[in-house]
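Subject: Handover of a structure

Dear colleague,

Please find the sequence and the structure below. My notes on what was found follow them.

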Amino acid sequence: MTHDFAAVAELMKDEIVTHSLAEEMTLPSGKTIVLITLDNGLDHTKPTTLGPNSLLELREVLTGLKQRAAAGEIDAVALTGKPYFLVAGADLSAVSNLKRAEDARAMAALGHATYDLLADLGVPTFSFINGLALGGGLEIALACTYRTVSAAAGALGLPESFLGLIPGWAGIYRLPRLIGPEAGLKVIIENPWNNNRTLSGPAAYKLGVADALFEPADFLEQSLQFADSVLTGDHVVQRPNTVDDSTVEGAARFQAAAEVSYRFIETKVSGAAPAPYKAIEVFRAGIGRSQRESARLEIDALTEMMATAQFHNTIYGFLDLVQRRSKRPAGAPDAKLARPVTKVGVVGAGLMASQLALLFVRRLQVPVVLTDLDQSRIDKGLGYIHGELDKQLAKGRMSQDSVNRAKALVSGSITKDVFADADFVIEAVFEELSVKKQVFAEVEDVVRPDCILATNTSSLSVTEMGRDLKHPERLVGFHFFNPVAVMPLLEISGTEWTDDSTLATAFSMGKTLRKTCVRTADSAAFVVNRVLLRLMSEVQAAFDEGTDALTADTALKPMGLPMTPFTLLAMVGLPVAQHVNESLNAAFGERFTVSKNLQSLIDHQIKALWIEDQNGQQVIDPKATSVMEFGNNPSSAEQVLIRVQDALAQEIGLLLDEGVVAEPQDVDLCMITGAGWPLHLGGITPYLDQVGASERVNGKKFHS
Amino acid sequence: MSANDPRVHTALSDRDVVFIDGVRTPFGKAGDKGIYHGMRADDLAVKTVRELLRRNPNVPAQKVDEVAMAATTQTGDQGLTIGRTVGLLSGLPKSVPGYAIDRMCAGAMTAVTSTAGGIAFGSYDVVIAGGVEHMGNHPMGAGADPNPRFLAERIVDPQALNMGNTAENLHDRFPAITKERADRYAVSSQRKLAAAYEAGQIQPDLVPVASRRPGEGWKLNTADEPPRPGTTLEDLADLRTPFRAHGRVTAGNAAGLNDGATAALLTSGQAARELGLAARMRMVSFAFAGVDPDVMGYGPVPATEKALAKAGLGIQDIGLFEINEAFAVQVLSFLDHYGIDQDDPRVNRYGGAIAVGHPLASSGVRLMTQLARQFAEDSSVRYGITTMCIGLGMGGTVIWENPHHQDFGTEA
């Protein structure tokens, strides 16, 4: 099949082209090598990527070199990158803009047409992996005859299946055969779906991805020396990890590894994202086949995946939101207005307060003082913080000196006068307006007039908290997500009085805390909890109406959310969830139902619907169902799913109309970073558009 | 005797200063057309230090007592105490200290003599000494702020801050040194270097350096960029005399502006014995001396006088000369002083800086590395010197003994 590569290249007029800069040189033995540097001419903040124009240039250079190789003019070809990068992979924004299937297919085929030249150039080819090599960037190295890797190279991996594609430029074929199917699939499936884990240079060398490991200071010189010794035969490369899948035993290992990966991905996405399944499918289909045969399967699979909503949603979530929008929060005031924060106060020493104090001391590295009603609570909070710091030390993530420093910076007090010289005081006390108002009144008596007051409330009105303050202009909502150290989101909300300097300081602090900051209006439960609670409310209602527990709780499986509604409920804690329900019910009415059944569970001190029976199986606690009353109007799983989709579309539509956040993109960023909702949903609004919920409920899509 | 001969080790005193090895980067032309344009000076120096340790696996890195690294302009990529930064960037253990040295053109030579003093005193056993100058990144004299008293009190003629002017002054002082002689000397420097390359006498001491000029791909540099083999007297005759109208000093009979780095491994006699290192030269004496800055190029003469006197040797005892060729006239004034013919085969057998280049603070170690190789090639020579002129009117000379000579270790 022929492909119109030029037509695809023509579509990508704005591509930042990675050039193939070829230099010929003589090695010490007298052999001639051509070294190609892949370089987009920009600094390290603009990674080199491969779009169609870049690939066509490389293909042209390699085609010329193949002729020279045939003519006996050169002895080898090598490939390396600009500093810190081999290649960051295919140009995803280019790939995601290919609308027509034939263009997608041509792009998929272009990678093979280019890389195949490296695999069959007539002379040995080398890849010197000097830095980051992801996706197509690692696959280009795998296409070469030999590889060296720098000990400083960070981030080697094949993240395609996480992004909605497969490593279909022969990575899926070559890597498992080079390093064994188990390790290969770990790189192809498990690592991407474990927080996009990647390999370091030494780890990649150990697995057999590269034939030699060199230190970064003279990596290229040593790599060329290595190439020379391989070319002269002085060094014979050993590859003990290779597996031949044309043998019975080899094929069996491939099958077994595929089975392990399949079970792994089932637990991770349970069918909601097609790409990892497709990757395993292509991997399986390739067993015992030639690379050329596999290539056809890979091109088919890539073409298919490029057309999926999940791929486009992921690119939107990953490139547009997580990488771009999170860096420039919508609605953040001029950063120059931010004031320095040199001491932080935390009101409360409970688990949330202690987590906050830990984060502040680690990231801000300023004195942090906690207050609580009695010394034992403070000791418990400080004990937690010290314990967590010691864990960091044990894991080698912090040095003894920095642990000492952090411990010395944290202190506790039973009186609030320790806040006198604080620049920022946050409360993390019981979620009750009167309690919080009381706390702020006491704090305001002690602190300077310009000390920022922040609340970590999840559902109360920040405005109400500020109403009786002497200086309401310094009050800000500063809402973290549990667990604080892990969840990236920070919802920052101002009231009608909050001044820009306070907001700017909050955003600046959020950035130092390495959080993704989103500006929201002061509206009950802001974004994430409002959306989550609406979802839980609908599922609870369906359950209360008579839908059986399993159906209700697994109805949302096609969305691939990180946990089921009942599991989330148990994690949040039933009383807390009910408390927020009440707040939201008060604020927004019956869209948020205060379930009698839920209250009954709380009254009977039941903490979770799912329990383990004596066989370790997950079952619904019979005691729970016995204290609840159900209607006789059960829904099917599909009905529950549509009900939830529609409810989400409605709630997000209202939330946007109310101006809680600026755009649907902010909602999506919040759900991805605050609730861990999957990138393949694009957060949520692209998914709601795709399933028709937006139009059903709001008469229009969120994204035109 | 061979350098590995146990008799050499026996002949060494514990506190003798021994030259074990020296390497350098290929030298490049300074400026935006040069091979190292866009590259950092400290990265160049790192290549030499790593190569030294790679070539001498018997030397455990933690045994290195000092990294003395010279640079004339100690700012930017040559700043931040370059001996220390280069040690860290080379992957030496953090326990290995380092410092920066400046004596302009004699920087690396001073790095060697300073650490040699430490070895002789017993403070060091193993040192790395070298120099680097990226004259593209650091044009000569950039950022300098000469004291106005130089002029007001006539301490230094401001003209003498320009090395080319001092070379013209040297021609004035020694009228016998004509432009024709200087050009003839330059032609022979080019010829000798080309012959040395042909004979494979230069390449073994070079560490290949990968560099990447802006907008170009990575290249591997394995040979010097400045040489112009085949240069003839006619080629040089009509070159411009940039320092004086109708002058005598041209780009052809002077060293160019260059980028490069050198490093040497020196040890005590005791450490050489204990680590089983072949001694390639033994330091006999060294001296630095000052002259009128107006004739800076004459510095090697009094420096050599002093060094010979300390060694108890006469010029007739010296079998090999490695003299830096900042300017042909300056070499000729030295040779004339000692009555040595400008074509004498003892002088700069591999050619000199006029051909290979002179990245200021790095050159001293190049002279030593080349002398060490000539010692190995010629066991009939017992003593050799490395000498160079230095800006602001100085000279430096180090006298070395050849372990390959049959009388090595006996009284001179």
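The domain bounds used here come from an automatic or database domain assignment. This is a predicted model, in which local features need pLDDT of at least 70, side-chain atom pairs count only at pLDDT 80 or more, and totals for chains, interfaces and linings use all residues. Residues are numbered from 1 along each chain as its sequence is written, while chains are lettered from A and ligands numbered from 1 in the order in which they are written.

Domains of chain A

Chain A is divided into domain 1 (5-307), domain 2 (342-520) and domain 3 (528-698). Taken over C-alpha atoms, the centres of domain 2 and domain 3 of chain A are separated by 29 Å. Two residues are in contact if their C-beta atoms, placed from the backbone, lie within 7 Å. By this criterion, twelve residues of domain 2 of chain A are in contact with 13 residues of domain 3 of chain A. On the domain 2 side, strands S16 (489-494) and S17 (516-521) of chain A each supply at least two residues; the largest share, three residues, comes from S17(A). Helices (H or I, at least four residues) and strands (E, at least two) are DSSP runs, numbered from the N terminus. The residues of this side divide into six nonpolar, four polar and two charged. Here Ala, Val, Leu, Ile, Met, Phe, Trp, Tyr, Cys and Pro count as nonpolar, Asp, Glu, Lys and Arg as charged, and the others, Gly among them, as polar.

The eight-stranded sheet

An open sheet of eight strands in chain A has the order S12-S11-S10-S13-S14-S15-S16-S17, with mixed pairing; two strands pair if DSSP finds at least two bridges between them. Strand S12 (410-413) and S17 of chain A stand at the edges with a single partner strand each, so one side of each is left without a neighbour in the sheet. Strands S10 (residues 344-347) and S11 (residues 368-371) of chain A pair in the parallel sense over four bridges, and A:Val346 has A:Leu370 in S11(A) as its bridge partner.

In the loop between strand S15 (475-480) and S16 of chain A lies A:Pro483. A cis peptide bond with omega of about -10 degrees joins A:Asn482 and A:Pro483. Most peptide bonds are trans.

The six-stranded sheet

A further open sheet of chain A, with six strands, has the order S1-S2-S3-S5-S7-S9 and mixed pairing. Its strands S2 (residues 32-39) and S3 (residues 76-81) of chain A pair in the parallel sense over six bridges, with A:Ile33 opposite A:Ala76 in S3(A).

A helix pair

Helices H5 (residues 136-143) and H7 (residues 171-179) of chain A pack at an angle of about 60 degrees, their axes 9 Å apart. Axes are lines fitted to C-alpha atoms, for helices over the stretch in contact, and angles run from 0 to 180 degrees between N-to-C directions. In this pair, A:Leu138, A:Glu139 and A:Leu142 of H5(A) meet A:Gly171, A:Arg174, A:Leu175 and A:Leu178 of H7(A). By class, this contact has four nonpolar, one polar and two charged residues.

The contact of the chains

The contact takes 16 residues from chain B and 16 residues from chain A. By class, the side of chain B that touches chain A has seven nonpolar, four polar and five charged residues.

Yours sincerely
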